[in-house]
Amino acid sequence: MPDHFDFLARIYDRVIPPPDPERLGELLHLPADGWLLDAGGGTGRVSASLREQVDGLVVSDLSAGMLGQARAKQGLYPVRAHAETLPFPDRRFSRVLVVDALHHFCDQRDAIADLLRVLEPGGRLVIEEPDYTRFAVKLVALAEKLAFMRSRFHTPEEIRDMVAALGLEARIERDGGFAAWVVVDK
């Protein structure tokens, strides 16, 4: 059944700019050997710019429309999957990235657990989310509720605590803007 992301897929890359690829590369410690998973990666708008810095790149998402757009980008391997039940073996990826998507996952705690399952020892998970401690983000959350999206936003501290409940430490980085990053080394 199509959803709002299927509807937006054809224009998404034109209206939603990707985050700074240099900043993401720093946070992910790129270049790196191994594969990168862009979970909730939609059209691949974020990870496409990182492709040359890893051995391979998988974009997972639930939206068939978004993955159709990712399929058109060279070097990306789109996979339709729930972030909570990824179809990959344990320790498959050296880097895992989630940009502006965690709040859309059905169960954030289960998703983080599965993202960490597919991350190899010594690998790094980076979650970029709108910083829910900021008033502007709370307005975005309200707008998504009014649009009947099932988004559930969490503060960076709450995301860090979800990671801690799984036995790992995470650090939070902020730049004073709209987003915050939760970085986990396994």
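Start by selecting arginine 160, which is partly exposed at a relative accessible area of 30%. A salt bridge here is a side-chain nitrogen of Lys or Arg within 4 Å of a carboxyl oxygen of Asp or Glu. Side chains of opposite charge can pair when their charged atoms come close.

A quick word on what you're looking at: this is a predicted model, where local features need pLDDT of at least 70, side-chain atom pairs count only at pLDDT 80 or more, and totals for chains, interfaces and linings use all residues. Residues are numbered from 1 along each chain as its sequence is written, and side-chain values use heavy atoms, leaving out hydrogens and water.

**Zoom out**

Show the whole chain as a cartoon. You'll find six helices and seven strands, in the order α-α-β-β-α-β-β-α-β-α-α-β-β along the sequence. (Helices, H or I with at least four residues, and strands, E with at least two, are DSSP runs numbered from the N terminus.) Of the 186 residues, 47% count as buried. Look at contacts, meaning heavy atoms within 4.5 Å: among those between residues at least 6 apart in sequence, 62% join residues at least 24 apart.

The salt bridge count comes to nine. Next, pick arginine 117 and aspartate 114, whose closest N and O atoms are 2.6 Å apart in a salt bridge. Why are they separated by about one helical turn? Because they sit three residues apart in helix H4, residues 108-118. Arginine 117 is partly exposed, at 24% relative accessible area, while aspartate 114 is buried, at 9%.

Arginine 171 is partly exposed, with a relative accessible area of 34%.

Colour H4 and helix H6 (residues 156-164). Their axes are 10 Å apart and they pack at an angle of about 55°. Axes are lines fitted to C-alpha atoms, for helices over the stretch in contact, and angles run from 0 to 180 degrees between N-to-C directions. H4 and H6 are therefore oblique to each other. (Under 35 degrees counts as roughly parallel, over 145 as roughly antiparallel, 65 to 115 as roughly perpendicular, and the rest as oblique.)

Which residues meet where H4 and H6 pack? Show Gln108, Arg109 and Ile112 from H4, then Ile159, Met162 and Val163 from H6. Stay on glutamine 108, which is buried at 4% relative accessible area. Leaving aside residues up to four places away in sequence, glutamine 108 touches Leu102, His103, Arg152, His154 and Met162.

**Last stop**

Buried or exposed: what is alanine 165? At 68% relative accessibility, alanine 165 counts as exposed. You'll find alanine 165 in the loop between H6 and strand S6 (170-174). Finish by selecting alanine 113 as well: it and alanine 165 are 52 residues apart in sequence and 9.6 Å apart in space, C-alpha to C-alpha.

Technical notes
Buried means under 20% relative accessible area, exposed over 50%, partly exposed in between (1.4 Å probe, protein chains only).
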